[in-house]
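Here's a quick briefing to read with the model open beside you.

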Amino acid sequence: MTSLAIVDHPKKAAAFVADIDRAHWHDQSLWYVRIKRDKQAASLPEWELLRETASQIKANVVANLADYLEQFANEATKLGAVVHWARDAAEHNAIVLNILQSRGAQKIVKSKSMLTEECHLNPYLERHGIEVIDTDLGERIVQLAKEPPSHIVLPCIHYKKEEIGELFHEHLGTDKGAKDPKYLAEAARQHLREKFCGADAGITGVNFAIAETGGFVVCTNEGNADLGVSLPKLHIACLGIEKLLPRAADLGVFLRLLARSATGQPITTYSSHFHGPLPGGELHIVLVDNGRTDIAANPDFRRSLNCIRCGACMNTCPIYRRSGGHSYEATVPGPIGSILAPARDSAKYATLPHACSLCGSCSDVCPVKIDIHQQLLTWRKEIAARKQLKWSKRLGMQLTGWVFQHPWLYSTLGKMARWTLPWMPRFMLYHGLNPWGKQRELPSAPPQSFRELYAQRQKQQANGGSVTPQPSPHSPPSVYSASSKVN
């Protein structure tokens, strides 16, 4: 289904970048996490073996998804859980609502779950008079701010502590101007404890579900999922069908990869295993498709279902780090989200596969070896084939393609550019019609093209001589490279 609201990532990104301090701080914060990830990965000699093993396990799951789903449902039922099947977000929300209403549950505590974000469960339940409190601290902060998470692991990474202090002062009654993290965290702890104690039901996501045992694992750093489903007797677990693992023995591979890739920790603080309901309680597991089988049926993009939602691709992506998660307007932002979102609605999210420099860093850090940048390139081709590119980009690509098809023209234009650029007045290069130049400086034009240099070397080597780079025939300093223009 195509939405009329088109996501304009360049426009949203420009708005985020306009706050230079925030954009810089956001970039550096995520790069710090990326460095922690690298240190953890380097500490394990078997790191690449773990990645390869995880990749093969997930490929096996996607290839045999129906069998593993049936096995998991049977085993979970034997443990006393009630298994529900949802084809899409609407069915998922209706199932959850029906369970809650039939038990008279009015107050819900929910741990972090990107699936429930994807299904827009919170606003749906609130429209039916049910209070939903997100108990992950980052998620609670963005919930109070009435915003979606901007990162799947660090939901409020775009907020500064001063802004969180203002938010808590408004909603939790903390001291005005307070910004001490310990003070704010303690205020949130007391606020959430009150919600935990008064909850009628707990909702969790699922990190990994084991087909062999019918159990599942929820990973948190705050223990909020454990508390949320231990006090109330009703537990609803919302599970995307791609989260399955075949055997309990496979779990160790993914637990070692997840936290190291996500936050640079050796292990998540809490990895909670659930096998059936509490004594005297109820456990409902909602298995949700919502377009996943369509992705699994597509050989170009089915590998995106291997994703374990660690966020490593976001932490390393130069576009995401500088443009912020909200610029994607997708439940899962960043590189992997730029594959998943167009799979649901390619017209609405046509700009996202272009929010990529194709540097390949996302693929390098992916713990399950998803070829993310290759799939983004494939999406660009697919979106062009579906005629969903903006006319300006389409025209530019057609002109560029035409030039590339005529080597003599490409060579001539290159030669003209190398001659004229050093003499051009600055205002002719940096103006409102050149968004590329807003935060960049052109490098100095080389004296020769690659073809000319290559031909020169070939000729000199044939004559037995050495090669000496030639100085530029236009020796004046470049007017555009001498400037210190930085926006």
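Start with Ala201, which is buried, because its relative accessible area of 0% falls under the 20% cut-off. Keep in mind that this is a predicted model. Ala201 belongs to strand E4, and that strand is part of an open sheet of six strands.

**Around Ala201**
- Not counting residues up to four places away in sequence, Ala201 touches Leu100, Ala105, Lys107, Ile108, Val109, Pro232 and Leu234.
- One of those contacts, Ile108, sits 93 residues from Ala201 in sequence, yet the two C-alpha atoms are 5.1 Å apart in space.

**The E2/E4 pairing**

- Reading across, the strand order is E1-E10-E7-E4-E2-E3, and the pairing is parallel.
- Which strands sit at the edges? They're E1 (82-86) and E3 (131-134), each of which pairs on one side only.
- Going from one strand to the next, the twist averages 20°.

**A helix over the sheet**
- Helix H4, made of residues 65-78, lies across E1, E7 (234-240) and E10 (282-288).
- Its direction is at about 150° to that of E1.
- Leu234, a contact of Ala201, falls within the residue range of E7, one of the strands that H4 lies across.

**The whole chain**
- Zooming out, you'll count 21 helices and 10 strands in the chain.
- The C-alpha atoms fill a box of roughly 90 × 55 × 45 Å along the principal axes.
- How much of the chain is buried? Of its 487 residues, 49% are.
- Take the contacts between residues at least 6 apart in sequence: 75% of them join residues at least 24 apart.

**Surface and charge**
- The chain's accessible surface comes to about 24,000 Å², and carbon and sulfur atoms account for 57% of that.
- On the charge side, there are 56 positive and 46 negative side chains.
- The centres of those two sets of charges lie 8 Å apart.

Conventions
Residues are numbered from 1 along each chain as its sequence is written. This is a predicted model: local features need pLDDT of at least 70, side-chain atom pairs count only at pLDDT 80 or more; totals for chains, interfaces and linings use all residues. Side-chain values use heavy atoms; hydrogens and water are left out. Two strands pair if DSSP finds at least two bridges between them. Helices (H or I, at least four residues) and strands (E, at least two) are DSSP runs, numbered from the N terminus. Axes are lines fitted to C-alpha atoms, for helices over the stretch in contact, and angles run from 0 to 180 degrees between N-to-C directions. Contact means heavy atoms within 4.5 Å. Buried means under 20% relative accessible area, exposed over 50%, partly exposed in between (1.4 Å probe, protein chains only). Accessible areas come from the Shrake-Rupley method with a 1.4 Å probe; for residues, only the protein chains shown count as cover. Lys and Arg count as positive and Asp and Glu as negative; His and the chain ends are not counted. The place of a charge is taken as NZ of Lys, CZ of Arg, CG of Asp or CD of Glu.
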